[in-house]
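Subject: Structure handover

Hello,

Here is the structure I promised to pass on. Please open it alongside this note.

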Amino acid sequence: MTLPLTIQSSQPTQVVITLSGITLLEYEFLQKNVPRHYTLTRTLTTSTSYLVVSRPTFSEKYICALQWNIPIIHISFLYNTHVPVKSFLITPFQNMKFTIEDVNNPIFKNYFVCQGAVYVENMRIDLDFLIADGENERKKFADKYGIPVIRTSDVFRNNYRKFQKKNWLFALRDMSAHKRKDAQNREELAQSASCGEDLDGKTHLEMSGNDAKIFKDKIFYLDSDYLSKKLIHHLKKLIIENGGFRLSHGAKNTDYVISENDLSFEFIFHCIENGELLLPALFQNNSAKPIRVLEGCTFIVTTKYNEEINNKIRAMGGRIKDKYDYTVTHFVTEHEKLRKNAKCVSKEWIDKCLYLMKKCEERICILRLPTRQTVSYNMEKEIVVQFTGLPPDLKAKLKMKLDALNIKYMENEQMKGVTHLISANLATSEKFLCAMVSGIPIIKPDVADNDLSSLMWTEEDADEKDKKIVRAVKYWRDLIRKSHRLPFSGWRVKLFCVKSRLGSYRRVLECGGAEIVETQWTHSFKSKDYKEIIDRDAHVRTTDHIFSYLFSRIQKND
């Protein structure tokens, strides 16, 4: 029997690509330069192969693509079509900037960080969303500048329309016009600056009329390692036509650097299409990548609240299946009997993984694990005393008293297992701060019997300058005992300190619930005597911020 022969086509399969958030200028440029088998369109249909965006905006097309499971890729792919498309796939929140107000549980922040979002400390007009419950100053700022406010009850539901930031460029134009009124609203400008807003004149509109050049006297550097020759030539032409200059190499007086680690070339296209100089922070390239905590894991979820659990699993890089097969690695269930060559875990285990941003051991999976770092107190626990700031002779006398009362004390400098700290004064030593952030009672050295709780420092015992310290100690001790949460819970800290100081800061932060890390940190601190160069993207604060955080929340009692 002779098989029919056919000649197979050697032409690449036609690929339909829908663009979203791309300017007409760039669309026309791409039409002339992408491979022929790519069909570019601005309409999303069921035949669309990919949705291409320059940044997540949660436009209607963006939301539909997520609902229809159409892959979303970054615009850079169309300039590097020789690279596999999977290298340009983005998660829904990748590189979006957000902050949080009055939300203590870190899983709300980690949910977005695991998906590649960028957490920032300060409130800024270029934020993509704010997570907050109730009314506060940050919410008022967000409402004023059109920043979406997401309640904690909506975080894990993936209601994408709540993240829509309408007219984000128009809001920026209003901001530029507002700032040109130099003689008006000075207090409001000062308030904007205090919220982290960039008031540098180089980032705002500098045109005196409709005929002014957008890039008048502005100097650009275009990185040839980041941009193709065709794109560099096109951007150079646009810059010059709009009154700017282009340097062939970097220089200190460069206004804008278009490179992989600085501004996106989208900045140029959007400025020209909108007819004004826009805030560069909106077009800053971010290198944040998703943290795939559960990569390689496949789950079947059989508990309540499936939607939220499924979204948490997907946020951490895991997969969901409706029916069991050999690829399933985990059951999310409350019943261990459902085991079928897969590990049974509870929904609390999912929260624990999200809380720590790492895959936890499944051997503790059926236990009710806390969703945040907690502290428990056993009032019948054996008393163990530590000392700080005591002269040698007083310390020796105290040890004799404690021996007579059968009260244990530490013979070394460690704080582990300590229940009370005896302090000769209110100096903020390392052990004093460790006790403060751990909720350990700090007492006076007037030990007479086993009732140590009556010896805690009070404002009556302190000088005027030390009363703030007493109030801070009481504030954190009461808060820790009430909430079972340490002051630095959820902090992932990178320290830039000289070796002589590193250990002290590490011990204080870890006693307060922080985790010291080298990558993916949420907070970074630098000691004043640290001289080495630090990457400008590290967003480093001085170690004084640690003390400010502990003492600034204390209200003086009238």
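Below is what I found, taken region by region.

One caution before the details: this is a predicted model.

**The parallel sheet**

Start with the open sheet. Four strands make it up, ordered β2-β1-β3-β4, and they pair in parallel. β2 (38-41) and β4 (72-74) are the edge strands, each pairing on one side only. On average, neighbouring strands are turned by 35° against each other, direction ignored.

Two helices go with this sheet. Helix α1 (residues 24-33) packs on the sheet and touches β1 and β2. The direction of α1 makes about 165° with that of β2. Helix α2 (residues 60-67) lies across β1, β3 (50-53) and β4. Against β3, α2 runs at about 145°.

**Strand β1 and Ser20**

β1 is worth a separate look. Five of its six residues are buried, so the strand is mostly covered. Four bridges join β1 to β2, and the two run parallel. Val16 stands opposite Thr39 in β2.

Ser20 also belongs to β1, which spans residues 15-20. Is Ser20 buried or exposed? Its relative accessibility is 5%, and buried means under 20%, so Ser20 counts as buried. Which side chain does the side chain of Ser20 meet in a polar contact? That partner is Ser59, at 3.2 Å. Leaving aside neighbours within four places in sequence, Ser20 is in contact with Leu51, Val52, Val53, Ser54, Ser59 and Lys61.

**Helices α7 and α8**

Next, a helix pair. Helix α7 (residues 229-241) packs with helix α8 (residues 266-274) at an angle of about 35°. Their axes are 11 Å apart. The crossing is left-handed. From α7, the contact uses Leu231, His234, Leu235, Leu238 and Ile239. From α8, it uses Ile268, Phe269 and Ile272. By class, that gives seven nonpolar residues, one polar and no charged.

**Helices α9 and α10**

Then a second pair. The axes of helix α9 (residues 306-315) and helix α10 (residues 347-356) come within 10 Å. They cross at roughly 35°, and this crossing is left-handed. On the α9 side, the contact is made by Ile309, Lys312 and Ile313. On the α10 side, Lys347, Ile350, Asp351 and Leu354 take part. Which classes do these residues fall into? Four are nonpolar, none is polar and three are charged.

**How α10 is enclosed**

Why is α10 described as largely enclosed by the rest of the structure? Because eight of its 10 residues are buried. They are Glu348, Trp349, Ile350, Asp351, Lys352, Cys353, Leu354 and Tyr355. Ile350, Asp351 and Leu354 in that list also take part in the contact with α9.

What covers these buried residues? The cover includes two helices, α3 (107-113) and α9. It also includes the strands β12 (298-301), β14 (330-332) and β15 (343-345). Just after α10, Met357 takes a positive phi of about 55°.

Over to you.

Best regards

Key:
Residues are numbered from 1 along each chain as its sequence is written. This is a predicted model: local features need pLDDT of at least 70, side-chain atom pairs count only at pLDDT 80 or more; totals for chains, interfaces and linings use all residues. Side-chain values use heavy atoms; hydrogens and water are left out. Axes are lines fitted to C-alpha atoms, for helices over the stretch in contact, and angles run from 0 to 180 degrees between N-to-C directions. A crossing is left-handed if the near helix is turned anticlockwise from the far one by less than a right angle, and right-handed if clockwise. Contact means heavy atoms within 4.5 Å. Ala, Val, Leu, Ile, Met, Phe, Trp, Tyr, Cys and Pro count as nonpolar, Asp, Glu, Lys and Arg as charged, and the others, Gly among them, as polar. Buried means under 20% relative accessible area, exposed over 50%, partly exposed in between (1.4 Å probe, protein chains only). A polar contact is a pair of N or O atoms within 3.5 Å; within protein, one must be able to donate a hydrogen and the other to accept it, and residues adjacent in sequence count only if both atoms are side-chain atoms. Two strands pair if DSSP finds at least two bridges between them.
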